[in-house]
Amino acid sequence: MTYPKDQTDALRPYCKKLSSFEEGGITFLLLERLKLPDGCTPAECDALLCPVAKDSYDSRLYFETKVVCQYNRNWNAADVRIGQRNWFAFSWRVVLPGTTLQGLLIAHLNGFAKAA
Amino acid sequence: MEIRLSGQLYNQVVADLIRPHPFAAERVGFLIGRIGSTSGNPAAVLLTQYRTIPNDHYLDDPKVGARIGPKALATAMQLAHSGRISGEGIIHVHLHGHRGETSMSKTDQREIPGLLPGFRAVNPSAPHGIIILSLDHGSGWIWSPKATGIAQVDLISVIGAPVKVFRRGRV
Amino acid sequence: MTGSRYSRQSFLGEFSEDAISDCIIGVVGLGGGGSHVVQQLAHIGFQRYVIYDDDIVEESNLNRLVGATSVDALAETPKLHLAKQMIFGLQPNAEVVAHACRWQERPDPLHRCHIAIGCVDSFKGREELENECRRHLIHYIDIGMDVHGTNPPVIGGQVILSSPGGPCMRCMGFLTEARLAEEGRRYGDAGGRPQVIWPNGVLASTAVGLAIDLTCNWTCQRRTREYLSYDGNEFTMKPSLLLRNLEGLACPHFSDTEVGPPILIEL
């Protein structure tokens, strides 16, 4: 599956390098050195955006490491194997039907910046 | 190191290589493969596709089993170039019509390894190599991206039904 | 392998002993299903193993964990240790790569396997294992059982063979988004799933039989796909009708070129 170019272009300012790959019928977006919101440790890391429904989430943002932020998040996905790497994700439900990839990314990153 | 391919791909290769050629005694083909690991340790080369060489891309040379012409080489170089993004390299393959472990004949040693530097120049970050099959075995040599030369692999695994394991030193 | 130990399984073929000893077999999960699998593989003569389990023996395992004793529950013996004991007790010269962790934490050894048998207890776990096996051209055999309902309870299970180039568990209708989503919603729900030894035994034995057939082709069927449904109440194992509909169709979920590291397309 290919995503609209204008939508993927809008993701580029958030990371150092943007790529896509296929696995199991899903096209994942790899955001290398994604800049995380202020107060996060690390300040940037690789992230994987799954814009389609997977594992009971409408969309999900995975991180290469557990990120520490001001809120205590439930990292309910640990060492999830996708694309030959291990990923982590916290429980954060984003339901924004019809939104853009940028909208999804921002909504997921809000998990570090907003209480709930 | 290991070379690994699916049973489907192996059957495709063998079916092509055992076909009679109008004048060549043997057939040659090109397999496409990638390093299997992201860890940098080239433990396995995984083969994904096969390219047959059309009859008219051979040269009629009775002194050797098979000689491929410039069109076949150009195709191979194009494949090597196309594999730059995906890290896919070219593996030259042919079949000796006997049973048991194979090795490079004098002609093979003279003719085939010389192709690899060209593939490597076009695509230095992919593995390139040679496979010689027999009717029930196979041997392989790979030039890994970080290696200074080609090395014989320890085994070739065919993941089909049944699984075939061609182990170096096992006849 | 020589001698009379394997004389009763000579029907597997003239070269079956060599084929079995050459095959590198992985077993992920050494609980109720995996412990049966390892026992049988060791008896039959497999010599090269890659095994994973990060769990210890507990009292509640003793109703089904092959090889475990009351002492193991008291001692909190790692399940990995039981499996190694089983293998080396029958095959003292076996090569066993054993990891007391989830396979995702040390995936490289798994990649050497020719056949991997998944004895895990989640759809998510199965999905990840199958993905990895496809990327590394490994035959994947999946087993699992469940008990649901009451009056009477219904025991079900499956043995699935997912091979490179063939239909995957999604094609077979076993792995679905609905199942994965439901499991995701139940994440963290307390309580162990019902498990008993005899269905595990049936499923494990069938999986091992499939592995032997992949190694020796003694049935001459050259099977590269299988989906067997276990009905524990009727004591039957039957091929799933879903497989028939997949004859000749390419798997749309894994392309032939999707092996090794993912091919990243820069955007």
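In which sense do strand 1 of chain A and strand 9 of chain C pair? In this predicted model, local features need pLDDT of at least 70 and side-chain atom pairs count only at pLDDT 80 or more, while totals for chains, interfaces and linings use all residues. Residues are numbered from 1 along each chain as its sequence is written, and chains are lettered from A and ligands numbered from 1 in the order in which they are written.

**View 1. Strand pairing between chain A and chain C.** Strand 1 of chain A pairs with strand 9 (residues 265–266) of chain C in the antiparallel sense, over 2 bridges (strands pair if DSSP finds at least two bridges between them; strands are DSSP E runs of at least two residues and helices H or I runs of at least four, numbered from the N terminus). S20(A) has I265(C) as its bridge partner in strand 9 of chain C.

**View 2. The contact of chain A with chain C.** The contact draws on 21 residues of chain A and 27 residues of chain C, residues being in contact if their C-beta atoms, placed from the backbone, lie within 7 Å. On the side of chain A that touches chain C, strand 1 (17–23) and strand 5 (77–82) each supply at least two residues, and strand 1 gives the most, with 7 residues.

**View 3. Helix 5 and helix 6 of chain C.** Helix 5 (residues 123–135) and helix 6 (residues 177–185) of chain C pack at an angle of about 125°, with their axes 9 Å apart (axes are lines fitted to C-alpha atoms over the stretch in contact, and angles run from 0 to 180 degrees between N-to-C directions). Helix 5 of chain C is therefore oblique to helix 6 of chain C, since angles under 35 degrees count as roughly parallel, over 145 as roughly antiparallel, 65 to 115 as roughly perpendicular and the rest as oblique. F123(C), K124(C) and E127(C) of helix 5 meet R179(C), L180(C) and E183(C) of helix 6 in this contact.

How values were computed: Two residues are in contact if their C-beta atoms, placed from the backbone, lie within 7 Å.
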